[in-house]
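This report goes through one protein chain, moving from single residues to the whole fold. Please keep the sequence and the structure in view while reading.

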Amino acid sequence: MNKILITGGAGFLGSHLTEKLLKEGNDVLVVDNYFTGSKQNVAHLLSNPHLELMRHDVTFPLYVETNQIYNLACPASPVHYQYDPVQTTKTSVHGAINMLGLAKRTRARILQASTSEVYGDPEVHPQPESYWGKVNPIGIRSCYDEGKRCAETLFFDYHRQHQLDIKVVRIFNTYGPRMNPHDGRVVSNFIVQALQGKDITIYGDGQQTRSFCYVDDLIEAMVRMMNSENGFTGPVNIGNPNEFTMLELAEKILQLSGSKSKLVFEPLPSDDPKQRQPNIALAKDKLAWEPRVQLEDGLKETIAYFKKVVG
């Protein structure tokens, strides 16, 4: 039985990961400061004797015993990471240092949940792991983009300098049940607006594209990466390469929710990328993984969840 630590384990992704690892018979310690995570996300798991919850901020050191660490702690939507940008950078950088230090002491394997935001507003499409990105280091998104880039740097330097057993995944847009209805992400925004009969807000002309990966697919890839062969560090893109415009997404959500909401257009935010699509050839090759859930099926599950939460 593995003793597994998940930072940010009460968040959207963290709670699904916690659920999967418990089902596989592991001991799981969930660490979260509940800034964007919620105890409600893991409430249905509290009766499991192999689960432990700890309120803790990863910008401070943590002294526990573990043999696997999933480092997910960091607000991941612009609304939340721009609320306190200095703390966002600290969470990525100090949090990485503290978790890497813990992994060094316990000789644990450690996985970093990085992000497609390390590619910035990409000039290469779709984005392979070899692409270094085009990131504004002083923009309003930089606290997250550059914080995650620095965390990757730290992971690889600990690997080279201390022979730490690291794994790095770059997560592209993910959606599903337990998303925060107020996190400002496009899927949750559109669904909440549609269910409440409000205008659906589209930024720019709606032709910018994203690819959307259902949470179950994403978590499966993350666990496969953690348990992949020795010496394979990544980074590995995890996401769904099927690309949709914001207009297509909005129309699909209106159709599936039965909403009569109207589309309204607002100016595009600063540094908002125009295209985002993962090249997942490496994940297919090394993890034998590719997403299985189609957008329509995933949206049905997500809309059903939000109907309970806001509807």
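## Two residues with positive phi

Ala 288 sits in the loop that runs between helix H8 (281-287) and helix H9 (295-310). The model is a predicted one. In it, Ala 288 has a phi near 50 degrees, a positive value in a residue other than glycine. Most residues other than glycine have a negative phi. Is Ala 288 buried or exposed? Its relative accessible area is 61%, so Ala 288 is exposed, the cut-off for that class being over 50%.

Gln 163 is another non-glycine residue with a positive phi, in this case near 55 degrees. The loop that holds Gln 163 lies between helix H4 (142-162) and strand E6 (166-171). Its relative accessibility is 56%, and Gln 163 therefore counts as exposed.

## Two cis peptide bonds

Most peptide bonds are trans. Where are cis bonds found here? One of them runs from His 125 to Pro 126, with omega near -10 degrees. Pro 126 belongs to the loop between strand E5 (109-115) and helix H4 (142-162).

Another cis peptide bond joins Gly 234 and Pro 235, and its omega is about 5 degrees. Pro 235 is in the loop between helix H6 (215-226) and strand E11 (236-238).

## An enclosed helix

How many of the 10 residues of helix H5 (residues 186-195) are buried? Eight are, so the helix is largely enclosed by the rest of the structure. The buried residues of H5 are Val 186, Val 187, Ser 188, Phe 190, Ile 191, Val 192, Gln 193 and Ala 194.

What do these buried residues pack against? Their partners are strand E7 (174-175), strand E8 (200-203), helix H7 (246-257) and helix H9. After H5 comes Gly 197, and the phi of this glycine is positive, near 70 degrees.

Phe 172 is placed in the loop between strands E6 and E7. Its relative accessible area is 2%; residues under 20% count as buried, and so Phe 172 is buried. Phe 172 and Ser 114 are 58 residues apart along the chain, and 9.2 Å separate their C-alpha atoms. Which residues does Phe 172 contact, leaving aside its neighbours within four places in sequence? They are Ser 116, Tyr 119, Gln 127, Ser 211, Asn 237, Ile 238, Gly 239, Arg 276, Gln 277 and Pro 278.

Gln 82 is also a loop residue, found between helix H2 (78-81) and helix H3 (85-106). With a relative accessible area of 31%, Gln 82 is partly exposed. The C-alpha atom of Gln 82 is 8.3 Å from that of Tyr 144, which is 62 residues away along the chain. With neighbours within four places in sequence left aside, Gln 82 is in contact with Ile 140 and Arg 141.

## Two domains

The chain divides into domain 1 (3-174 + 213-238) and domain 2 (176-211 + 242-273 + 293-310). Taken over C-alpha atoms, the centres of the two domains are 25 Å apart.

How many residues of each domain are in contact with the other? On the side of domain 1 there are 26, and on the side of domain 2 there are 20.

## The chain as a whole

The chain contains nine helices and 13 strands. Its radius of gyration is 19 Å, close to the 19 Å given by the globule rule for 311 residues, so the chain is as compact as a globular protein of that length. Along the principal axes, the C-alpha trace spans about 55 × 45 × 40 Å. Of contacts between residues at least 6 apart in sequence, 81% join residues at least 24 apart.

Of the 311 residues, 56% count as buried.

Notes. Residues are numbered from 1 along each chain as its sequence is written. This is a predicted model: local features need pLDDT of at least 70, side-chain atom pairs count only at pLDDT 80 or more; totals for chains, interfaces and linings use all residues. Side-chain values use heavy atoms; hydrogens and water are left out. Helices (H or I, at least four residues) and strands (E, at least two) are DSSP runs, numbered from the N terminus. The radius of gyration is taken over C-alpha atoms; the globule rule is 2.2 Å times the number of residues to the power 0.38. Buried means under 20% relative accessible area, exposed over 50%, partly exposed in between (1.4 Å probe, protein chains only). Contact means heavy atoms within 4.5 Å. Domain bounds come from an automatic or database domain assignment.
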